Amino acid sequence: MGKIIAIANQKGGVGKTTTTVNLAASLGVLEKKVLLIDADPQANATSGLGIDVEGIELGTYQLLEHTRSAEEAIMQTSSPNVDLIPSHIDLVAIEIELVDKDEREYMMKKAISHLRDTYDYILIDCAPSLGLLTLNALTASDSVIIPIQCEYFALEGLGKLLNTIKSVQKIHNPDLDIEGMLLTMYDSRLRLSNQVVEEVRKHFADMVFDTIIQRNVRLSEAPSYGESIIKYDASSKGAANYLNLADEMVKKNKETV
């Protein structure tokens, strides 16, 4: 039975899409079957896997509207063992279109629950907001990964996200768990980076992944080539970090089974 994991933080630029794409590719390398669902209208995860966003005809929009099945929207990618349900700028309209629908928070859950039997992991790349799209992703998920940037405003808004997760647990999805908080964009030379790591570990202890994603030029170059870091430069520090994260996550999930 596969696990559905949302990657969420309403703060932009914290490494959500970078994490979703590269964690998916790393899990694929570990021979896990992965589906990445791009639930962000910016469609960066889609283009980051080398898919031409302009040519998308079926994707997350149709999935949430329930006009097409998940199977019809799934595309293969060039990353081994990684499939994709792509996004498109049209997805911006979905929050308005779903607002009057019954059980609007459950649209994604209804559309993808049966895919657990096909995949080991289903990763959902969330939009940088706490709107209906993110709510749908959290309601459909077993757990959530929260990327936290090792910078000054790192903890700003984290309380708001944790409150949203609590309210989803209370109202829509009592089984939603925090998979882990992931420290990203870490630079060991900066005192501030080290202070953020210390602060987050002090407050959240076991909820924080051991793996830290370091700031890495190759990691920021890879999306412009439509490739994961594994494909773009497997020997880079960024690739090593994400492979470590995938390994840590797989081991953690084996222990909790």
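**Helix contact, backbone and cysteines**

A: In this predicted model, Met-185 is partly exposed, because its relative accessibility of 22% lies between the 20% and 50% limits. Met-185 belongs to strand S7, which spans residues 177–186, and has a positive phi of about 55° although it is not a glycine. A positive phi, of about 50°, is also found at Glu-103, again not a glycine. Glu-103 sits in the loop that links helix H5 (94–98) to helix H6 (107–112). With a relative accessibility of 46%, Glu-103 likewise counts as partly exposed.

The helix pair is formed by H7 (residues 132–140) and H8 (residues 158–171), whose axes come within 10 Å and cross at roughly 55°. The crossing of H7 past H8 is right-handed. On the H7 side, the contact is made by Leu-135, Leu-138 and Thr-139, and on the H8 side by Thr-164, Ile-165 and Val-168. Sorted by class, the H7 contact with H8 comprises 4 nonpolar and 2 polar residues, with no charged residue.

Turning to the cysteines, Cys-126 has a relative accessible area of 1% and is thus buried. Cys-150 is buried as well, at 3% relative accessibility. The structure contains 0 disulfides.

Note on methods:
Residues are numbered from 1 along each chain as its sequence is written. This is a predicted model: local features need pLDDT of at least 70, side-chain atom pairs count only at pLDDT 80 or more; totals for chains, interfaces and linings use all residues. Side-chain values use heavy atoms; hydrogens and water are left out. A disulfide is a pair of cysteine sulfur atoms within 2.5 Å. Buried means under 20% relative accessible area, exposed over 50%, partly exposed in between (1.4 Å probe, protein chains only). Axes are lines fitted to C-alpha atoms, for helices over the stretch in contact, and angles run from 0 to 180 degrees between N-to-C directions. Helices (H or I, at least four residues) and strands (E, at least two) are DSSP runs, numbered from the N terminus. A crossing is left-handed if the near helix is turned anticlockwise from the far one by less than a right angle, and right-handed if clockwise. Contact means heavy atoms within 4.5 Å. Ala, Val, Leu, Ile, Met, Phe, Trp, Tyr, Cys and Pro count as nonpolar, Asp, Glu, Lys and Arg as charged, and the others, Gly among them, as polar.
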